[in-house]
Amino acid sequence: MKTGVLKLDQGLINRARAAAAEIVAPIQEFIESHTTISVERTVLRLFGIDGVNEEGAPLPNVVVENIAAGGGLTRGAAYWLANAMLAHNLTAQEVAEGVAAGRIDLCQVPPGDREEVRQEAYSLAREACRRIDDNRREREARLARLGEGHKPWLYVIVASGNIYEDVVQAKAAVKAGADIIAVIRTTGQSLLDFVPYGVEEGFGGTPATQANFRIMRQALDEVSEEVGRYIRQVNYCSGLCMPEIAAMGALERLDMMLNDAMYGILFRDINMERTFVDQYFSRLINAYAGVIINTGEDNYMTTADPVAAAHTVLTSQLINEQFALRSGLKLEQTGFGHVFAINPDYEDGLLLEIAQAQMTREIFPHSPLKYMPPTKYMTGDIFKGHAMEAMHSLVSILTGQEIHLVGILTEAIHTPYMHDRFLSINNSKYIMNNAWHLADEVIFREGGRIHHRANHVLREATETLEKIREIGLWTALEKGFFASVKRPRNGGKGREGVIARGDDYFNPFYELMLGGEGA
């Protein structure tokens, strides 16, 4: 991987990172003094609670609602569950079923010895961590035995709405050359304040359920053996259930998660306080599980101009980096999203794309960058679309991207067929193979268009970060600094699920995962 070729101003990079750290610090203080209903549901899921009640409501939701009704969430769900387990000599699942049946009201259970209750909760948490540890070691063992594809890894999406059809399409994509399979979630799932249960069908994608995760994991393990390389599984750790999906993924050995600190605020109108608290716990789980996250700055270019607003992508990446580091993620686990998104009719657009991609590569040399395809300007002209994706692949191999989301020539027409993916994967493989060592041969002219553009974007991003440092991230989001979208701090979906922690708040995973083996 070549770095330093753009001769970026290291002083500006240092200023930008310092500003980003100062921006995130007060947000982190808020995070560490609050919890959310989704964080508490996640604790219960990790403790082993699963299933639904007679009305189809997930038991983690039922239990948290019972604690909330008793005014106990400021203390955390871990305390109330462990207290009831000791008082009634029941398992976590049996307590949850008792709550669902109306036999147990958690906040009315007489308090037991405080230290015994804490130790019971720690015992449950350690067992969950052991399960996640086992999954991480299983991944490492399979990688050691099977190996993996050469970078850039080819990342392919399936989105049939039916997990069994997704399996068929995923296996076909892997045999064509895909290294990573992402299952798009059903339309609107990010706005549900619960996780669907079981094997369900969806529209525009397939529901993210633990059962569906398990089915795809088994299928990808099978096809990994057939092709002789480990295939990574991805889902979407965003929305109102960020930490719950992270927990489900950790328990079912997913390898990557889409996980952005601000995506839900900007593109799903989820309350920013809720999102910041949720992203912290979700990333803590991903860090412990050895999961690679992908941020979502590519989405900014769907609502803002990719040329004029390019600096906002870098601004957000640097903020996302600081949030990631505070949650225990290593840089090698933090894949920053960006995109080949400039209007194909723009003069010298390719030079600007190279500048942005190379700049991103040099500023984040240790991170597995995720490079998104030119979806915004796909028109239904499949021949032009195929050519645009070829350019995207060329820039990807030239600038050392590591996760390459393959663009499909029929994206603007319909949900891609298997042969559409086959053509697109072959297109990417052809370009990348023929340009494999191109980066070793290219020198960017100092003072040239690419050099000038990259340093200009860096300068704008640094200045923007320093402005945000002055006014605060809460205010910057309200003023529309990102993606031209404005969100009020007190508005958005899910704000009622944010709870100030009490002095006796207790969540054993914060301690175990930040200091544990996988962190």
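What percentage of the 519 residues in the protein chain is made up of buried residues? In this predicted model, buried residues account for 61% of the 519 residues in the protein chain.

**View 1. Overall fold of the protein chain.** The protein chain is built from 20 helices and 11 strands, and its C-alpha trace spans about 75 × 55 × 40 Å along the principal axes. A compact globule of 519 residues would have a radius of gyration near 24 Å, and the value of 23 Å for the protein chain agrees with this. Among contacts between residues at least 6 apart in sequence, 78% join residues at least 24 apart.

**View 2. Crossing of helices α13 and α18.** The axes of helix α13 (residues 310-326) and helix α18 (residues 449-471) come within 8 Å and cross at roughly 55 degrees, which makes α13 oblique to α18. The crossing of these two helices, α13 and α18, is right-handed.

**View 3. Residues in contact between α13 and α18.** From α13, Ala-310, His-311, Leu-314, Thr-315, Leu-318 and Ile-319 take part, and they meet residues of α18 that include Arg-453, Val-457, Glu-460, Ala-461 and Ile-468. Sorted by class, the contact of α13 with α18 comprises 9 nonpolar, 3 polar and 2 charged residues.

View 4. Arg-142 belongs to helix α6, which covers residues 114-146. Arg-142 has a relative accessible area of 16% and therefore counts as buried, the cut-off being under 20%. Leaving aside residues up to four places away in sequence, Arg-142 touches Gly-147, Asp-221, Glu-225, Tyr-230 and Arg-253.

Technical notes
Residues are numbered from 1 along each chain as its sequence is written. This is a predicted model: local features need pLDDT of at least 70, side-chain atom pairs count only at pLDDT 80 or more; totals for chains, interfaces and linings use all residues. Side-chain values use heavy atoms; hydrogens and water are left out. Axes are lines fitted to C-alpha atoms, for helices over the stretch in contact, and angles run from 0 to 180 degrees between N-to-C directions. Helices (H or I, at least four residues) and strands (E, at least two) are DSSP runs, numbered from the N terminus. Angles under 35 degrees count as roughly parallel, over 145 as roughly antiparallel, 65 to 115 as roughly perpendicular and the rest as oblique. A crossing is left-handed if the near helix is turned anticlockwise from the far one by less than a right angle, and right-handed if clockwise. Contact means heavy atoms within 4.5 Å. Ala, Val, Leu, Ile, Met, Phe, Trp, Tyr, Cys and Pro count as nonpolar, Asp, Glu, Lys and Arg as charged, and the others, Gly among them, as polar. Buried means under 20% relative accessible area, exposed over 50%, partly exposed in between (1.4 Å probe, protein chains only). The radius of gyration is taken over C-alpha atoms; the globule rule is 2.2 Å times the number of residues to the power 0.38.
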